[in-house]
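Student: Could you walk me through this one? I'd like to ask about side chains as we go.

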Amino acid sequence: MNATRQITTLRTAAVIGSTIIGVGILSFPRYMAASGGSSAPFVAFSGIVISIACYWLLASLCRRFPRESLFVFSRRLIGKPLSYVFAVLFLLIFILLTGLTARQFGDVATTVLFKKTPIEATVFLMLLICQLSSRRDVVKFTYIHFFYLPLIIGPILFITLISMRNMDLLNLQPVLVMPSAAFWRGAVEASFLFQSSFIIVLLVPFMQKPKQAVRAGVLAIAVAGIIYLLIVVAAVGLFGAEETKLLIYPTLESARSAVVGEGFLERLDAIFIVLWVISVYTTLYSTYYLAACLLQQVFAFRDQRMSSTLILPLTFVMAALPANVFETYTWSLALGAASMIILSVYLFLLWSMYLIRRLRKRGAVR
């Protein structure tokens, strides 16, 4: 076996899962309730299905070139100039995504945790941690995610299930309404949270079994999707759709309502926010690492260590641009829509050229 192929299927799934579960946990129910009302869980479920379909198209293509990353084999499929253009576009996308995610973290941290700390200090410290972590190679990168994933999933799932004991099932009725334009718009917006599964393009060349890339990603998206789905059910079930629309961080309010043992263990929101910080770090780490690797390929650096340093001021500037929390979320939704369009066009071109070349080879053999 190739010595560089050290990443197992389970660790691949851990990376994707811990990357998906991030900053969006706190406000996700509000957007789902705004799009579907009491049908918010079905809006979230539709977004999960869309995410799995997009991931399948991406991972199925990558596993056909198990020795190369996406931006390497795309040069042969669509040519170097066009491949370079898409590499630059994705570089800009992930620099913006990292900056906006760091800003969302700063907004919450300065509101809930560090009320007297300047938001710039909080954001810069998190980005600096990601920059230092990104100097590691891709194998150590996966070990970090594999270590933190149980600390994220287990307690968050426990707190969410505890909070669901107090919900009123009437708040979830009617269970399903006629899908409207707002419903499908919300489903597409829900799929934006899962776009960070794009990290698979870096992992396939190092996987022990690259043919299982699809299985690993689908498993990770399904597990993360179940957590997001339960969070939506808990928030809407506790507060109702209309009240959920008015809460900035409904998931945090749900955690505050969770009580164990008739008051024996209260204020689980404090534990939840600590776990949320860890989940934000793993998400930021992945998007930062991916941006550093893209910059490395664009400028042909030897490795991602230099590019990780160059990205730090860029992401910090992006984090400082939004004026307030609402502008940050508006920019994030716009970036999600733009990245969805660019990724769809990119995959369409790659799959088209791949199938055309495959048909030509079959014709030449005959």
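What follows is a chat about contacts, charges and rings in this structure.

Tutor: This is a predicted model, so to speak: local features need pLDDT of at least 70 and side-chain atom pairs count only at pLDDT 80 or more, while totals for chains, interfaces and linings use all residues. Residues are numbered from 1 along each chain as its sequence is written, and side-chain values use heavy atoms, with hydrogens and water left out.

Student: Okay, charges to begin with. How many salt bridges does a search of the whole structure find?

Tutor: The search finds three salt bridges. The term stands for a side-chain nitrogen of Lys or Arg within 4 Å of a carboxyl oxygen of Asp or Glu.

Student: Which side chain does D107 meet in a salt bridge?

Tutor: D107 meets R103, at 3.1 Å from N to O. Both residues lie in helix 5, four residues apart, about one turn of the helix. Helices here are DSSP runs (H or I, at least four residues; strands are E, at least two), numbered from the N terminus.

Student: Are D107 and R103 buried or exposed?

Tutor: Both are buried. Buried means under 20% relative accessible area, exposed over 50%, and partly exposed in between, with a 1.4 Å probe and protein chains only.

Student: And what does K245 form a salt bridge with?

Tutor: K245 pairs with E242, and the closest N and O atoms are 3.2 Å apart. The two are three residues apart in helix 11 (residues 241–246), so about one helical turn separates them. K245 is partly exposed at 30% relative accessibility, and E242 is exposed at 56%.

Student: What about E68, which side chain does it meet?

Tutor: E68 and R76 meet in a salt bridge of 2.8 Å, N to O. E68 is partly exposed, with 22% relative accessibility, and R76 is also partly exposed, with 40%.

Student: Let's switch to aromatics. How many aromatic pairs are there?

Tutor: The count comes to 22 aromatic pairs. Take F65 and Y354: their ring centres are 5.9 Å apart and their planes are at 75°, so this pair is edge-to-face. F65 is in the loop between helix 3 (40–62) and helix 4 (70–78), and Y354 is in helix 15 (residues 325–365), so the pair ties together parts 289 residues apart in sequence.

Student: What's the rule for a pair?

Tutor: Rings of Phe, Tyr and Trp (its six-membered ring) pair if their centres lie within 6.5 Å; planes under 30 degrees apart count as stacked, over 60 as edge-to-face, and the rest as tilted.

Student: Are F65 and Y354 buried or exposed?

Tutor: F65 is buried, with a relative accessible area of 14%, and Y354 is buried too, at 15%.

Student: Which rings are linked into a cluster?

Tutor: Ring pairs join F71, F86, F90, F94, F198 and Y346 into a cluster.

Student: New topic: where does F73 lie, and what is F73 in contact with?

Tutor: F73 lies in helix 4 and is buried, with a relative accessible area of 0%. Leaving aside neighbours within four places in sequence, F73 is in contact with L61, C62, F65 and E68. Contact means heavy atoms within 4.5 Å.

Student: Last one: what does V325 touch?

Tutor: V325 touches D107 and Y249, not counting residues up to four places away in sequence. V325 lies in helix 15 and counts as buried at 19% relative accessibility.
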